Structure formats: C-alpha cells, structure tokens
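Q: Could you walk me through this model? I'd like to go piece by piece.

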Amino acid sequence: MTMQTTAPILRLQEASLSLNGNTGVVDILHQIDLEVTAGETLGLIGPSGSGKSSLLMVMGGLEQASGGTITALGQDLTAMNEDALARFRRDHMGVVFQSFHLIPTMTALENVATPLELAGHADAFERAQAELEAVGLGARAGHFPAQLSGGEQQRVALARAVAPRPDILLADEPTGNLDEANGRAIMDLLFDLRDRHGATLIMVTHAPELAARCDRVVHLRDGRLDLAATQKAAE
Amino acid sequence: MKPLSLAWRFARRELRGGLRGFRIFLACLALGVAVIAAIGTVRASIENGLSSQGAVILGGDAEMEFTYRFADDDTRAWMARRATAVSEIAEFRSMAVVGEDRALTQVKAVDDLYPLIGTVELEPSMPLEQALAGAGGVPGAVMQLALSARLGLQHGDIFQLGTQDFRLMADIVLEPDAAASGFTIGPRTLVATQALQSSGLLSPGTLFETKYRMDLPESTELEVISQQAQDQFGDMGMRWSDARNGAPGITRFVERLGSFLILVGLSGLAVGGVGVSAAVRAYLATKTSTIAILRTLGADRSTIFLTYFLQIGALALLGIAIGLVIGGLGPVLLGPLIAAQLPFPADFSLSLPALAEAAIYGGLTAFIFTLWPLARAERIRAAALFRDAFAGRNSLPAPRYLLATALALALLVGSAAWFSGSAELTLWSAAGLAGALAVLLLAAVVLGAVARRSTRLVRGRPALRWALSAIGTARDGATPVVLSLGLGLTVLAAIGQIDGNMRRAIGDNLPDRAPSYFFVDIQRDQMPAFSERITEDPAVSKMESAPMLRGVVTKINGLPAKEVAGDHWVVRGDRGISYAGKQPEGTDVVAGQWWAEDYSGPPQISFAAEEAEELGLELGDTMTLNILGREMTATITSLRAVDFSSAGMGFVLVLNEAALAAAPHSFIATVYSDEQAEAQILRDLGRDMPNVTAIRVRDAIERVSEVLRQIASATAYGAAATLLTGFLVLLGTAAAGEPARRYEAALLKTLGASRGRILGSFALRSVILGAGAGLVALGAGTAGAWAVNTYVFEISYQVIWPNALAIIAGGVLATLLAGLVFAWQPLASRPAGQLRSRE
C-alpha cells in the first residue's frame with residue numbers, strides 16, 4: 001500500500017447537503033472538508049444513515065450540494081448544471097452501485113457500450129466486448145440483466161464503470177447485495193481494474209476487510225467527518 | 001456520434017421490450033385515426049362515385065333547368081346547335097287518384113329520348129318506351145312500388161293524374177337519374193309528356209320544372225359551354241348542371257356532413273390523446289431508473305428527450321398505421337354493404353387525401369399529448385436512482401416545449417379548417433372541445449373535493465368511506481374518469497337532447513300550429529269554388545290562400561345577386577313569390593309602408609325583415625327578379641316580420657298586385673282542419689278539381705325529420721366512437737391502478753375486510769365515478785343542446801329525461817365494467833406476497 005503525494009484530484013470544502021423530506025428540510029451532510037489525491041483509494045465508512053452514500057453522490061455530482069464547493073480535476077462541480085455534470089461524469093467518472101443499476105432493456109454488451117457511445121467512441125462495442133472479457137463475461141455479452149446472476153450483474157456494472165477509463169471510480173457498497181464469495185471476487189476485480197487503469201477509487205463500504213484494503217479510510221457520523229475515528233483507523 | 005443517431009440506437013434497444021404497456025396507447029391512437037380515416041374514405045368514395053357517374057346521375061352530359069315553363073325557341077335552337085341529342089323532361093307534384101283514394105306523387109314526364117344515359121329498370125322487365133305506350137288505348141305509367149302499394153294498384157289497373165287516365169304497366173326498380181332530383185316529397189311516377197297534353201297539369205301558371213338533358217360531342221369543353229349558357233340565359237332563370245357535378249346538392253350535403261363528422265371524430269382523437277398521454281406518463285414512470293442510469297453515465301437532457309421522443313414517435317407511427325389500415329380498408333371491404341344503403345353511387349377505393357388527413361390529425365394529436373410527459377422526463381436526475389428526485393413532475397415543461405405545443409395545436413386547428421373548408425365550423429368546434437374539456441376538468445376537481453370532504457360524513461360505512469377516499473385522490477380519482485368518458489357522453493347527451501327536442505317540436509307542438517294540408521296548383525278561376533268548399537266546412541278552423549309564382553333573384557341594386565348576397569338561401573335557386581293588393585290580414589309591417597290597394601305604378605316589394613337584415617337590404621333598395629323568363633326590377637318599400645316556424649304561409653317576397661297579376665300563375669292554400677274531416681275534403685276536391693295537388697304537412701315534415709334523424713344517428717355513431725375511445729382510456733387507467741388496488745386489497749384483508757366488502761367498495765367507487773362523469777356530461781351536453789335549440793333552431797327546450805338517464809346509466813356501466821375487470825386480480829391475490837413485495 002503506498003500513499004500518493006500528488007495534488008488532490010477531488011476537493012470538498014464545507015460541502016453540505018440538505019434535502020426536502022416529508023417532514024421538512026433534512027440536513028444530510030454538514031460542512032465536509034475532504035481532499036482525495038489522484039490515484040488514492042479512499043474508503044468511506046460509518047453507521048447506516050451517517051451520510052456515506054450521500055457524500056459519494058455529492059462527489060460524483062449525482063447530488064447537487066446545498067453549500068460549499070466540490071472541485072474535481074480542477075473543475076467546480078457546484079457551478080455546473082445537470083448537463084455539464086453528466087458530461088463531466090461521462091469523461092472522468094465511473095460509478096458502481098450496490099444495486100448494480102443495469103439498464104434492463106439492454107444486453108450486457110450494450111450496457112457496457114453505453115457510456116462509450118455517449119462519449120462518441122466509434123469502437124464502443126469492440127471496447128465493451130474487451131471489458132466484458134476482462135471481467136470474465138465475454139460469453140454472456142448477449143444476455144440481458146435479468147438472465148444474469150447478482151455477481152455477474154455487478155461484474156457487468158464494473159466493466160461499464162471502467163470502460164471509458166475514468167479518472168475517478170466511485171463505488172457505493174459494491175458487494176452489499178452479494179454473497180461472501182461473490183463479494184470477494186468483485187472486490188478483487190475492482191482493485192485489479194483500479195490497479196490496471198490507475199483510477200482514483202472512492203468506495204463506500206460496511207465491510208472492515210474491504211476498508212483495510214484502502215489507502216485511507218474516512219469515518220462519517222451524522223453527516224459529519226468523525227475525525228477521531230478516522231485518526232484512530234489511520235494509526 | 002451524432003446525438004440523433006445515438007438516441008435512435010438507445011430507443012431501438014428500449015423498444016425491444018415489446019409493446020407491453022402500450023396497448024392502450026396504440027388502441028386509442030389507432031381507433032381515433034381509424035374513425036377519421038373511415039369517414040374520409042366513405043366521403044371520398046361517394047364524391048368519386050358522384051363525380052365518375054356524373055353524367056349518369058344527371059341523365060346527360062349537361063342540363064338546363066327552367067321553372068314553370070318550357071324552353072323558348074331561342075333556347076331550343078341554342079341547345080340543338082351544340083348537342084347531338086336533347087331530351088326534355090317535366091317534373092311536378094300531383095295526386096295519383098284511384099277512385100276516391102289519392103296519394104301525392106312526384107311526376108316525371110319524359111320524351112322518347114329519355115334516358116339519354118343509363119336504363120330505367122322495371123318490374124316486370126320491359127323497355128320504358130313499351131311501358132309508357134300503355135295498352136288498350138290508355139297511356140302507360142310506371143311508379144315506385146311504395147306508391148302503387150299505397151293505392152292498391154296492380155299492373156294493368158287504371159289511375160288518374162289530373163283528368164288523364166293512365167294504366168300502371170310496371171314498378172320502377174331503378175331510375176338512373178334519381179339522385180339528380182334531390183330532395184323530393186312523394187314517390188315517383190313516370191309518364192310520357194305527350195300523354196299529359198289534356199291533363200291540365202302542365203298549363204301556364206302551374207308549378208312544374210323542365211329539364212333539358214344534352215348529349216354533347218366528346219370535344220365539348222364543359223367549362224366553356226357552361227359559361228356560354230350562363231352568359232346567355234343566366235338572367236332568365238336558367239340553372240345549369242353538367243357531368244362534372246351531376247348532383248351538386250348531394251355533393252354539398254355529403255361534403256358538409258363528412259366535414260362535420262370528421263370534427264366529431266377529432267373529439268374522439270382528443271379523448272384518445274388523454275389516454276395516450278396517460279400511457280406515456282405511466283411508461284416513463286417505469287423508466288425513471290433507466291433514465292437516471294443514463295444520466296449517471298453521462299447522457300445529457302437532449303439525449304434523454306430524443307431517446308424517448310423517438311420511441312414514442314415510432315409507436316405513434318405504428319398506432320397511426322394500424323388506424324389507417326383499419327379506417328382505410330374497412331370501408332373498402334364493406335363497400336358493397338355501404339353502397340347498398342346509399343341512394344346514390346359510390347366508388348369505394350382507398351383515398352390518399354383521406355388517409356393523409358387522418359394521419360396528420362393522428363400525428364399532431366400524438367405530438368401534442370406526449371410532448372409534456374416527454375419534456376418532463378428529461379428533468380429526471382441521476383439522483384433518482386437512490387431517492388425520489390423527479391422534481392419536475394408537476395411543473396410546466398420548458399418554454400420551448402410550450403411553444404412547440406402551441407404551434408402543433410395551431411397546426412392541428414389550421415389543418416382541420418383547411419380540410420373541412422370551413423374555418424368557422426372548425427373554430428367553433430375547437431372552442432367547444434376546449435370549453436368542454438375545461439368544464440370537465442373543473443367538474444372533476446370539484447367532484448374529487450366533494451368526495452374528500454364527504455368521507456367524514458360516512459364514518460361507520462367503511463366500504464363507502466374507502467370508495468370516497470379513493471375518489472378524492474389524484475391517481476384513482478375523478479379526473480381520469482371524467483376526462484375520458486365525459487367528452488363522449490357530453491356529445492351523446494347533446495345529440496340526444498337536440499334530437500329529442502326537435503322531434504317534440506315537430507311531432508307534438510307543430511301540428512297545433514301548422515296547417516293540415518297545403519294545396520297547390522289551384523287555378524285562379526277555381527279559387528272561388530275552392531274557398532267556398534273549405535270555408536263552409538265547419539271542421540275547418542282556418543284557411544289562407546295566396547297567388548304564387550316562382551322566380552329567381554338575379555340582381556340587387558343592379559349588381560349580380562350572388563356578388564351582393566353570396567350563398568344566402570334567398571338568392572340560391574328559385575323562390576316562391578306572391579302578390580297582394582291590400583295588406584293581407586295578420587301581416588306585420590315593421591318598416592316602410594304597404595302600397596295602396598289599387599297601386600299600379602313601378603313595381604314594389606314587401607320583403608321579409610329578418611332576411612333583409614341578413615342580406616343588408618334597406619328600404620329603397622331594388623331587386624331584379626326573373627319570373628317565367630322575364631326580368632322585372634322592383635323597389636323594396638316595406639319590411640314584414642315573417643314567421644316560417646309554423647309551416648304556415650310565408651313569402652319572403654310579396655309584390656304589388658299590378659306587377660304580377662297578368663302573369664300566368666296559380667294559387668296556393670293552407671287549410672287547418674280536424675283530422676276526421678280531411679278525407680272528405682280531399683275526396684271532394686279530387687272530384688271537382690283534379691289538377692289541384694294536396695300535400696299533407698305531416699308527411700312533408702316527417703320526410704324532413706327523417707333526414708334530420710339520419711344526420712343525428714351519423715353523429716351519434718361518431719360520438720359512440722369517442723365513447724369507445726374513452727372506455728379504452730378508462731381501461732388503461734384501471735390497468736395502471738391495479739398494482740395500487742392489489743396493495744390496498746392486501747392491506748384491507750390484513751385488517752380483516754372480507755373480499756365481498758372490498759369488492760363492494762371497488763364497485764361503489766366505479767358507480768360514484770361513473771354517475772359523476774355522467775352527470776357532468778349531462779350538464780355540459782344539456783347546456784350545449786339548450787343553446788343550439790334556443791338560438792339555432794329557435795324552439796323551446798325541455799330536458800328529454802329518458803336520454804338523460806341513459807347517459808348517466810352509460811357512465812355508470814362503463815366505469816363499473818372497466819373497474820371490475822381489474823378488480824379480480826387484487827381480490828384473488830394473497831396479502832403476504834403483496835406486502836412482501838412492497839418491502
């Protein structure tokens with residue numbers, strides 16, 4: 001495990017998130033300050049409802065922060081509109097979800113090809129096929145998500161996330177919906193892909209063994225960075 | 001990769017999911033388009049038939065028609081120079097008499113050349129010439145079976161027309177030029193003109209029309225010869241027709257009725273649009289996560305919009321294509337059946353303009369009703385993957401989409417106006433449709449609010465309370481039901497109320513005010529005896545009589561009448577004209593002054609006040625009339641209030657006596673008598689004045705109301721299609737609501753409700769919603785009917801209750817049916833599975 005020393009690829013300054021709920025405005029994140037260095041693997045851990053997933057979504061521009069600034073690759077995500085954020089993700093980010101979120105009407109190959117097509121790659125399908133081969137699903141390229149097991153679906157999701165060679169890979173409890181064996185296989189694959197492509201990996205997880213594989217772990221509690229826990233984990 | 005081709009690739013992938021969820025979408029669009037395409041195809045087929053068979057319908061390549069007179073020598077010479085053959089026909093109404101029995105008939109007196117084109121088919125089969133020659137020294141006649149049966153005549157029996165005996169030789173099976181005669185009262189009798197010489201029926205002053213059918217050389221240009229005829233004889237009361245449009249009256253009627261029915265069909269398409277919109281919304285709701293994933297992967301708004309726009313567009317094209325196939329091929333396949341019902345020829349074939357019209361309407365409607373849900377879909381954010389982040393669900397779409405909707409709407413109304421040829425009718429229809437939708441929407445909101453508030457009043461009646469609660473919600477509530485069923489029921493309610501009130505006015509009220517009989521062709525020297533016989537009869541309460549001539553208004557203030565008055569009915573064709581010395585009793589002069597009884601100066605006119613206002617005529621204006629081929633210019637010196645609604649005597653034009661008394665003419669009389677005395681009066685007059693024709697007012701009115709009834713039923717079919725579309729929309733709504741009902745039923749079962757009680761609640765919900773939709777539709781339809789009856793037909797209005805109750809029952813039945821079809825599954829499913837799937 002090596003700590004990176006280059007400039008931050010992602011920086012959060014006093015980032016906050018409040019959402020309108022049924023009972024009024026709910027504050028999810030409170031003035032988070034965080035820097036992630038290029039090539040680093042960062043684990044986000046904390047109890048349920050602590051705001052881990054929300055923080056990941058804010059980092060990916062999937063959720064618009066209510067306050068503060070989020071800078072990724074030198075660009076201010078909080079100043080971007082929805083379309084600009086979509087284009088930024090297309091060009092620089094890959095996201096893996098706990099629930100896989102494959103498009104049910106598309107085959108595995110088409111799912112993986114979609115971000116490449118959106119980016120305008122003429123060889124989208126060839127590259128997608130190669131990515132599927134890399135995750136061991138070359139033979140299942142023509143299958144629809146409903147025809148794949150949970151583990152296979154998550155491998156397709158991984159292939160889709162890394163196919164455009166993102167600078168930043170966001171993973172939201174990627175093994176949460178998988179059994180132990182599948183979960184381990186997916187994590188091996190995730191770290192392997194990260195190592196091969198050199199992306200910065202930010203991962204939400206509950207599993208201590210996964211957190212242990214990260215370069216750095218950040219603890220969250222009630223929407224705030226738990227600095228004490230973070231410090232303790234670092235020691 | 002270009003955004004459009006990328007979006008199309010995504011759309012194609014999505015479409016592989018099949019048509020599940022789009023059945024109602026396709027059905028609504030296909031049905032709406034099919035109805036319009038079918039109406040257009042039938043209209044085009046009839047127009048084609050009338051056009052291609054123009055010469056057959058007309059009975060020649062061209063025709064010159066005169067009122068009250070035969071063509072003069074100049075006219076005959078003109079025709080002889082241009083035609084290879086000219087056939088002369090005289091038409092008039094008369095009484096066919098057998099002993100003491102009399103029946104009105106429309107007589108057509110023909111020469112040896114008739115018919116120039118086509119053949120008269122008779123039963124028993126024989127040449128017309130042979131039939132009209134008669135037998136045993138008595139000239140022959142042929143008549144429609146309805147008339148011979150009415151008079152109890154067998155072939156070979158003798159009957160009279162005027163003073164002339166005729167022998168019935170055969171029944172008419174087919175009269176090739178029947179459609180050219182237009183609207184007639186009384187069945188047809190065909191005789192030879194020659195045989196009428198001594199009947200007294202074609203003497204000067206009697207009411208008859210002559211038609212000269214011409215067989216023209218092939219090189220003749222109809223446009224040119226028509227213009228020549230108009231230039232030379234137009235001012236002499238001649239009316240020209242030619243093979244380009246053999247039956248202009250029917251063509252105009254078919255064209256207008258077709259346009260009107262297409263507008264009714266458009267209301268069906270609008271209802272279908274509500275279903276289309278709901279289907280797209282429901283579909284996009286299932287696509288929220290897919291859209292959010294695409295957003296996560298970097299798809300921008302335009303890619304999302306285009307992806308789903310292309311999908312829905314492709315499905316809309318499919319729906320339109322299905323509609324065009326059904327609506328286009330249906331009438332063609334059923335052509336022989338439809339043609340058998342029509343009294344004129346029709347060429348059933350696919351009509352590209354009709355299909356194009358239906359496709360344009362379908363495309364624009366689909367665009368208008370799907371654009372907003374599609375525009376909202378692009379607002380779905382990536383965050384929708386993990387929480388409800390669809391902020392734009394209830395807000396207006398972006399201004400560019402509002403503008404596009406407005407443009408499409410304008411294009412739709414503009415196309416309808418262009419295709420129907422009547423901007424006024426289209427705009428009124430569009431305004432009516434928009435108004436009805438607004439009223440229905442408002443009523444639905446009120447119904448929902450009332451239901452919500454009523455739940456407190458029905459505590460202790462759980463089934464009713466659940467039903468009212470459901471009606472009060474936005475999803476299962478009143479709006480979809482009232483919108484989908486309301487329009488069809490409103491149109492049906494309006495038609496039922498208008499038709500019912502018309503019938504009431506004609507059937508019940510009119511006979512109280514209208515005369516029993518019109519007598520026409522009473523010669524001047526017969527008038528004293530006629531008056532004596534009628535007025536001395538104690539059963540007769542009233543008699544009115546007036547001299548009558550017919551003439552054409554050719555000029556107004558020296559300008560051609562058509563230029564001044566356009567297509568106003570007063571200047572269209574020939575009109576009845578009367579004269580009087582002293583002001584007749586009951587005449588209501590509202591402006592100017594009646595002339596002195598012995599006035600003999602330049603001709604003066606007393607004109608109908610309402611028509612004068614419509615034509616912009618004032619006292620002092622002049623009119624040129626062509627009466628019996630002679631022109632006469634007269635000045636309007638008074639205006640009269642004339643009431644045409646009582647079917648009594650009413651002349652738009654009355655001239656001073658000296659102006660017309662010398663012209664050959666006959667008298668017309670109206671007689672108001674007890675029904676029991678009518679037969680004796682007819683017998684006496686038939687014996688003493690055989691040339692006088694009696695027209696039973698009730699028969700004439702029934703003939704008119706028969707036509708109105710046919711228009712009403714054609715409109716009702718259009719409205720029924722709207723209702724069927726509404727029912728489909730309702731089925732779609734019920735299907736979309738089924739998962740919610742399944743969950744609701746599972747919860748209620750968990751809480752101890754029996755299936756019977758849950759079913760009762762579902763049924764109550766449907767009944768209340770259906771009755772609500774029916775009541776709202778009845779209110780809107782009744783208001784429309786009241787306005788039409790009061791202001792257009794100017795008859796009193798009262799609610800026709802059987803129709804009103806049928807509308808409400810129809811609403812209840814439709815919602816009950818749609819609701820119960822989708823109630824079985826929720827009732828049958830076990831609660832555990834439902835509740836687990838929600839976790």
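Q: Let's start with α4 of chain A, residues 124-134: which of its residues are buried?
A: This is a predicted model, in which local features need pLDDT of at least 70, side-chain atom pairs count only at pLDDT 80 or more, and totals for chains, interfaces and linings use all residues. Residues are numbered from 1 along each chain as its sequence is written, while chains are lettered from A and ligands numbered from 1 in the order in which they are written. In α4(A), the buried residues are A124(A), A128(A), E131(A) and L132(A). Buried here requires 20 or more other C-beta atoms within 10 Å of the residue's own, exposed means 12 or fewer, and partly exposed is in between, with C-beta atoms placed from the backbone. Helices (H or I, at least four residues) and strands (E, at least two) are DSSP runs, numbered from the N terminus.

Q: And why do those buried residues line one face of the helix?
A: Looking down the axis of α4(A), the buried residues fall within an arc of 100°, so they line one face; the arc is that of the directions from the helix axis to the C-beta atoms. As background, an α-helix has 3.6 residues a turn, so residues three or four places apart point the same way.

Q: What do the buried residues of α4(A) pack against?
A: They pack against α3 (108-118) and α5 (150-162) of chain A, where contact requires C-beta atoms, placed from the backbone, to lie within 7 Å. After α4(A) comes G136(A), which has a positive phi near 80°.

Q: What's the strand order in the six-stranded sheet of chain A?
A: The sheet is open, with mixed pairing and the order β6-β7-β8-β3-β9-β10. β6 (93-96) and β10 (224-225) of chain A are at the edges, each with a single partner strand, so one side of each has no neighbour in the sheet. Pairing requires that DSSP finds at least two bridges between the strands. β6(A) and β7 (residues 168-172) of chain A pair in the parallel sense over four bridges, and the bridge partner of M93(A) in β7(A) is I168(A).

Q: Which strands does α1(A) lie across?
A: α1(A) lies across β3 (41-45), β7, β8 (200-204) and β9 (216-221) of chain A, and runs at about 150° to β8(A). Axes are lines fitted to C-alpha atoms, for helices over the stretch in contact, and angles run from 0 to 180 degrees between N-to-C directions.

Q: Switching to the interface, how many residues does each chain give to the contact?
A: Chain A gives 23 residues and chain B gives 22. On the side of chain A that touches chain B, the elements giving two or more residues are α1 (52-59), α2 (82-92) and α3 of chain A, and α2(A) supplies the largest share, six residues. The model scores ipTM 0.76 and pTM 0.72.

Q: What about confidence in chain B, which element has the lowest mean pLDDT?
A: Helix α27 (residues 831-838) of chain B has the lowest mean pLDDT, 63, whereas strand β5 (residues 140-143) of chain B has the highest, 94; pLDDT is the predictor's confidence in each residue, from 0 to 100. Chain B as a whole averages 84, with 95% of its residues scoring at least 70.

Q: Is V776(B) buried or exposed?
A: V776(B) counts as buried because it has 27 C-beta neighbours inside 10 Å, and its place is in helix α24 (residues 755-792) of chain B. Leaving out residues up to four places away in sequence, V776(B) touches L440(B), A443(B), V482(B) and G486(B).

Methods. Contact = placed C-beta atoms within 7 Å.
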